[in-house]
Amino acid sequence: MTRALREDVGSGDVTASLISAAQMARAQVLCREPAVLCGAAWFDETFRQIDPAVQVSWHYPEGASIAADSVLCALAGPTRALLTGERTALNFLQLLSGTATLTRSYVDAISGTSCQILDTRKTIPGLRTAQKYAVYCGGASNHRLGLYDLVLIKENHIAAAGSIGAAVSAARALAPQLRIEVEVEDLQQLREALQARADIILLDNFDLELLRAAVAINRADERPVLLESSGGVSLQGVGAVAETGVDFISVGALTKHVTAIDLSMRILTPGA
């Protein structure tokens, strides 16, 4: 937040300085399209850092579904502070609401199945925690936060280690407290990952037929594990993927292909 304000305000808001420091105003934020609200804490903190005298009253809770043309919140305080914080506050709110809104669409699309939507590490640098919070507000679950809280053995790790079995064995020895997930590209690698006793198996770019075959192989194993489908899963196709019986579907688009929600702030009573 501090960095965001520093890059916008810099040495000072020269345009807001045209307004008397004593002037007070009221304002409101309008949501111009259907959305899932997310980012109120970032919005509030923006104005707190600029001027604690600004008061924000929210009309909806985080995660609420918002209709187009709804007033999200009301603000009151020094006019200069409202003008200076407007863009940074809205930037956070529209970005995080966009992430939450897209996430909710994916979650709704698999309603009625036992599958869960997951996010990925394909986030905007510096905003991972915020975006993953937005995914949570949208009703999905967070995958690993970074490279430190889950062992995810991918194609290049397997190549470097020599085999799936060798990579999993090394991971067990290095980080026995962490779950181990292995990315596989075909059914033979799936069997190898099952034999190596991975905790989760990521099915990379499997089509529906291969996903159903993978689910059947896993269920027939003496120690079935959790299965995650990943790779190019669209909103239109996610329901069919969930119906194959996989446990998770990870969707990079939730945090990578974000369209900001159309929001605007309007001063209502300058000079009040």
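**Exercise 1: The antiparallel sheet**

Four strands form an open sheet in the order β3-β5-β1-β12, with antiparallel pairing. The model is a predicted one, in which local features need pLDDT of at least 70 and side-chain atom pairs count only at pLDDT 80 or more, while totals for chains, interfaces and linings use all residues. Residues are numbered from 1 along each chain as its sequence is written, and side-chain values use heavy atoms, with hydrogens and water left out.

Task: determine which strands stand at the edges of this sheet, and why one side of each is left without a neighbour.

Solution. 
- Step 1. Strands (E, at least two residues) and helices (H or I, at least four) are DSSP runs, numbered from the N terminus. Two strands pair if DSSP finds at least two bridges between them.
- Step 2. β3 (55–58) and β12 (263–267) each have a single partner strand, so one side of each lacks a neighbour in the sheet.
- Step 3. Within the sheet, β1 (residues 24–31) and β5 (residues 70–78) are joined in the antiparallel sense over 8 bridges; M24 stands opposite P78 in β5.

**Exercise 2: Helices on the sheet**

Task: state at what angle α2 runs to β3, and describe α3.

Solution. 
- Step 1. Axes are lines fitted to C-alpha atoms, for helices over the stretch in contact (heavy atoms within 4.5 Å). Angles run from 0 to 180 degrees between N-to-C directions.
- Step 2. Helix α2 (residues 40–50) lies across β1, β3, β5 and β12, at about 165 degrees to β3.
- Step 3. α3 lies across β1, β3, β5 and β12 as well, and runs at about 170 degrees to β12.
- Step 4. With 31 residues (79–109), α3 reaches 43 Å from its first C-alpha to its last, close to the 45 Å expected; the expected span is 1.5 Å times one less than the number of residues.
- Step 5. At E86, α3 bends by about 45 degrees, the angle between axes fitted to the seven residues ending there and the seven starting there.
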